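Please read it with the coordinates open.

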Amino acid sequence: HEELIEMSKLLRYKNSSQMKEILEKDKDKFEDGIGDLLFATLRLSNQLNVDAEVSFNFVKDKIVQRYYNKKENEGHQK
């Protein structure tokens with residue numbers, strides 16, 4: 001939670017060029033933060049006896065399906 005807030009604060013209220021500059025300048029902070037988030041997520045998955053790969057694929061499939069449904073609906077509206 002702490003890592004997510006820290007990274008969010010660095011990018012909050014910035015336009016895209018400012019975000020790009022911050023991401024380049026502080027890439028190590030974001031790599032460290034993402035690593036911490038992944039580690040914490042995998043640790044929680046292990047503690048809950050939840051297969052992280054199954055969970056990821058479940059969500060990924062939902063997102064991909066939503067994306068394709070959106071694209072398909074946009075195509076019908078043209």
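1. The largest pocket is lined by L38, T41, L42, L44, S45, L48, V50, A52 and S55. On a 1 Å grid over the protein atoms alone, a pocket is an open set of points where a 1.4 Å probe fits, with protein on both sides within 12 Å along at least five of seven lines, and lining residues have an atom within 4 Å of a point. Two or more residues of this lining come from each of α3 (27-47) and α4 (52-77), and α3 gives the most, with five residues. Helices here are DSSP runs (H or I, at least four residues), numbered from the N terminus.

2. The model is predicted, and local features need pLDDT of at least 70, side-chain atom pairs count only at pLDDT 80 or more, while totals for chains, interfaces and linings use all residues. Residues are numbered from 1 along each chain as its sequence is written, and side-chain values use heavy atoms, with hydrogens and water left out.

3. The space in the largest pocket comes to about 170 Å³, a volume being the space filled by probe spheres set on the grid points, which are joined across faces, edges and corners. By class, six of the lining residues are nonpolar and three are polar, with no charged residues; Ala, Val, Leu, Ile, Met, Phe, Trp, Tyr, Cys and Pro count as nonpolar, Asp, Glu, Lys and Arg as charged, and the others, Gly among them, as polar.

4. S45 belongs to helix α3 and is buried, with a relative accessible area of 10%, where buried means under 20%, exposed over 50% and partly exposed in between (1.4 Å probe, protein chains only). Leaving aside neighbours within four places in sequence, S45 is in contact (heavy atoms within 4.5 Å) with V50, D51 and A52.

5. The model has three salt bridges, each being a side-chain nitrogen of Lys or Arg within 4 Å of a carboxyl oxygen of Asp or Glu. In one of them the side chains of K25 and D26 meet at 3.5 Å, N to O; D26 is buried at 8% relative accessible area, whereas K25 is exposed at 62%.

6. Another salt bridge joins K27 to E31, with the closest N and O atoms 3.9 Å apart, and both residues lie in helix α3, four residues apart, about one turn of the helix. K60 and D61 also form a salt bridge, with their closest N and O atoms 3.5 Å apart; K60 is partly exposed at 35% relative accessibility, and D61 is partly exposed at 44%.
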